[in-house]
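Dear colleague,

I am handing over the structure below, and my notes on what was found in it follow. Please keep the model open while you read.

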Amino acid sequence: NFIKKTGVAPEAWIMEPTFTVDKRKEYILRPETIESLFYMYRITGDSKYQDIGWELFQNIVEHAKTENGYSAIKDVTKIPASKLNRMDSFFIAETLKYFYLLFSPTDLISLDTFVFNTEAHPFKIFTPLKK
């Protein structure tokens, strides 16, 4: 399994017949995986999604942390991970926010009363005014 090298998935891969890495082996610190884990945990209450998230967080720290922040990884199939010397703003604005939310109390931002936009900002769901 290619993910076992660094513990993070590449930007794209082919899933037939096994997890074969496509040409895009980099990981640029995108939030979508941890966002999905957050929603799955909140919807099911199953702590396995927190466990997966914690493992992912530890792998990002181990392989992407630099002296001054975090860096995208050039090739997730190689150790030591070669860094790309870039950290897009969405890593702090979205990825780390979803890590925080995954481990926060579920009533901190209830999915029954809030919805997140594509930048992971919570917006309160309002009931339309009756005329």
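Helix 1, which covers residues 32–44, has 13 residues and reaches 18 Å from its first C-alpha to its last, close to the 18 Å expected at 1.5 Å a residue; the expected span is 1.5 Å times one less than the number of residues. Helices here are DSSP runs of H or I with at least four residues, strands are runs of E with at least two, and both are numbered from the N terminus. This is a predicted model, in which local features need pLDDT of at least 70 and side-chain atom pairs count only at pLDDT 80 or more, while totals for chains, interfaces and linings use all residues. Residues are numbered from 1 along each chain as its sequence is written, and side-chain values use heavy atoms, with hydrogens and water left out.

Within helix 1, the residues I34, L37, F38, Y41 and R42 are buried, where buried means under 20% relative accessible area, exposed means over 50%, and partly exposed lies in between (1.4 Å probe, protein chains only). Seen down the axis of helix 1, these buried residues fall within an arc of 125 degrees, so they line one face of the helix; the arc is that of the directions from the helix axis to the C-beta atoms. Their cover includes helix 2 (48–64), helix 3 (89–102) and strand 5 (114–116). Helix 1 is followed by G45, whose phi is positive, near 75 degrees.

As for the chain as a whole, it holds three helices and six strands, which run β-β-α-α-β-β-α-β-β from the N terminus on. Of its 131 residues, 35% count as buried. Among contacts between residues at least 6 apart in sequence, 51% join residues at least 24 apart, a contact being heavy atoms within 4.5 Å.

The loop between strand 4 (69–70) and helix 3 contains P80, and a cis peptide bond with omega of about 5 degrees joins I79 and P80. N85 has its place in the loop between strand 4 and helix 3, and has a positive phi of about 60 degrees although it is not a glycine; N85 is exposed, with a relative accessible area of 74%. A120, in the loop between strand 5 and strand 6, likewise is not a glycine and has a positive phi, of about 70 degrees, but A120 is buried, at 0% relative accessible area.

The structure holds two salt bridges, a salt bridge being a side-chain nitrogen of Lys or Arg within 4 Å of a carboxyl oxygen of Asp or Glu. D75 pairs with K78, the closest N and O atoms being 3.9 Å apart; D75 is buried, at 11% relative accessible area, whereas K78 is exposed, at 52%. R86 pairs with D88, with the closest N and O atoms 2.8 Å apart, and here R86 is partly exposed at 39% relative accessibility, as is D88 at 22%.

Finally, V115, F123 and I125 form a nonpolar patch on the surface, with about 270 Å² of accessible area together. Patches are made of residues with over 30% relative accessible area and no salt bridge, with like charges joined within 9 Å and nonpolar side chains (Val, Leu, Ile, Met, Phe, Trp, Tyr) within 5 Å; accessible areas come from the Shrake-Rupley method with a 1.4 Å probe, and for residues only the protein chains shown count as cover. F123 lies in strand 6 (residues 122–124) and, at 44% relative accessibility, counts as partly exposed.
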